[in-house]
Amino acid sequence: MKSHCYPKLLFIADCYKYTHAAMYPNGVEEVYSVLYCRNPGLDLSALNGHIVAFGMRQAIKKLYDLYDEFVSAPKESVQAGLAFLYSDFMKLDSSTESYSLLVGKWLSLPKAMPLTFKILPEGSFITSNTPIITISCDQAQHCWFVNFVETYLNSELWKSCFVATQAALFKRIEYDCAGTYIDESYNFHDFSQRGMNGIADCYASSMGHLLFFSGSDSMMALQNVCENYGGDVSMLGSIPASEHSVMCLGGESGELDSFKRIMRSFPTSMVSIVADTWNLWAIIQALRDDEEAYTMIQERSQPIVLRPDSGDPFAILTGDENASDWRAQRGVIRLVDESFGLDRVKIIYGDAITPARARKIYEWCKSNGYDPTKFLCFGVGSYAYNSGIRDDVGLVSKMTWAKIDGKACNLIKQPITGNEKTSLSGKVALNARYEVVQFLDKELADDRLTTELSLPSLRDLRAFCKQEFLRVVQA
């Protein structure tokens with residue numbers, strides 16, 4: 001029997017997790033673990049040190065689905081899968097007591113997953129060492145399963161938190177420029193689907209962009225909204241847009257005609273047209289000099305969106321004084337403004353955009369009398385949304401409390417060789433003032449961590465994220 005015939009739950013953890021149940025001391029009756037962000041590596045100064053916690057409930061919902069599949073699987077399939085893992089792969093001796101114990105732990109798992117989760121509200125803005133999820137089990141035989149799911153939760157969650165935090169950093173740039181929170185903003189548009197680690201990755205993580213912005217070309221995120229977040233997409237959208245294949249089919253000599261054809265094809269909606277297939281500066285001038293093209297642009301009910309998408313975005317947009325072409329010295333923003341007006345031709349740039357580059361361009365715009373929120377959109381691709389690692393958000397999971405032989409024990413990892421890895425300890429909570437409380441001996445009345453597992457609607461989620469964003473940036 002091949003591994004694909006076995007329940008997927010058998011394959012969601014690091015290999016070493018599969019033997020820990022045989023290593024626990026006798027007398028373990030309850031265990032409790034905390035998933036939290038420890039010393040994030042991202043520069044979070046613009047968010048006053050906060051990470052956006054997002055994706056917890058969806059990851060746990062998927063875990064429940066995997067568990068249900070496991071307990072519903074034929075016993076023969078489960079037993080064969082365990083033999084495949086422990087005998088064929090790990091080469092364990094099936095005659096040993098530890099082998100029998102490990103297999104027995106799996107076979108005795110109950111119909112209902114024996115874990116209790118407490119979770120922060122989706123989209124919470126949190127500082128380092130703040131608990132995101134607590135996981136507990138008070139059934140002695142199944143305590144091993146708490147830390148078995150650690151690998152799964154880390155791998156499912158870090159990317160969603162990373163993208164949501166990057167999106168919040170872009171939101172801060174917009175907020176600083178506009179002086180207000182723009183509820184339905186298209187100033188940063190998600191271009192990242194093609195650069196994610198498969199469409200399943202995009203399905204989960206690209207939801208993070210939609211917490212703060214309305215524009216996205218990541219259709220997997222749209223599917224996620226429909227399947228999990230209420231299905232209301234009225235605050236989201238995109239527009240028709242060309243690409244280089246479209247322009248190349250018309251040929252370089254026919255580029256101006258391609259622009260006209262595309263404008264005619266979408267006469268009443270905004271349409272984005274890529275302009276860097278050949279000579280960006282020449283096509284901008286050709287659109288201005290050609291009477292028909294210029295008139296079409298000026299008389300449209302909706303503006304076109306020019307996409308100059310190759311090269312250093314700052315130099316291309318704001319001008320390069322060292323360029324040999326005077327038009328390149330002026331830059332796209334001034335050329336478009338002088339040639340058409342930024343109300344008639346807007347601009348989108350979607351190549352290698354980062355928070356640092358976006359902020360630099362926004363600051364140039366403001367210092368030169370332009371309001372970029374009125375005409376400039378940045379396409380945020382995988383350069384920003386798929387460039388991170390787990391350490392960027394510092395996501396870790398540690399066991400912090402256990403009951404052993406009837407005695408409650410606060411656990412702590414405290415390596416002498418790395419103080420930065422000192423863990424939280426005991427049972428924990430996050431109170432109403434966003435303060436982490438450790439060593440609890442009873443439930444905290446105002447704990448922000450709750451057992452509520454239902455997913456909010458996207459509209460409610462965005463409203464909460466706005467509230468959280470303003471809380472931390474106005475502090």
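1. Contact here means heavy atoms within 4.5 Å. This is a predicted model, in which local features need pLDDT of at least 70 and side-chain atom pairs count only at pLDDT 80 or more, while totals for chains, interfaces and linings use all residues. Residues are numbered from 1 along each chain as its sequence is written, and side-chain values use heavy atoms, with hydrogens and water left out.

2. Alanine 59 lies in helix α1, residues 56-72; helices (H or I, at least four residues) and strands (E, at least two) are DSSP runs, numbered from the N terminus. Beyond its neighbours within four places in sequence, alanine 59 is in contact with Tyr152, Glu156 and Leu157. Leucine 157 is 98 residues from alanine 59 in sequence, yet the C-alpha atoms of the two are 7.0 Å apart in space.

3. Axes are lines fitted to C-alpha atoms, for helices over the stretch in contact, and angles run from 0 to 180 degrees between N-to-C directions.

4. A second open sheet is built of six strands in the order β7-β6-β11-β10-β9-β8, and its pairing is parallel. The edge strands are β7 (215-216) and β8 (271-274), each of which pairs on one side only. Strand β6 (residues 188-190) pairs with β7 over two bridges, and histidine 189 has glycine 215 of β7 as its bridge partner.

5. Helix α10 lies across β8 and β9 (304-307), running at about 165 degrees to β8, whereas helix α14 (residues 326-339) lies across β9 and β10 (345-349), at about 160 degrees to β10.

6. The axes of α10 (residues 255-265) and α11 (residues 280-289) come within 10 Å and cross at roughly 60 degrees. The contact is made by Glu255, Leu256 and Phe259 of α10 together with Ile283, Ala286 and Leu287 of α11.

Conventions: Two strands pair if DSSP finds at least two bridges between them.
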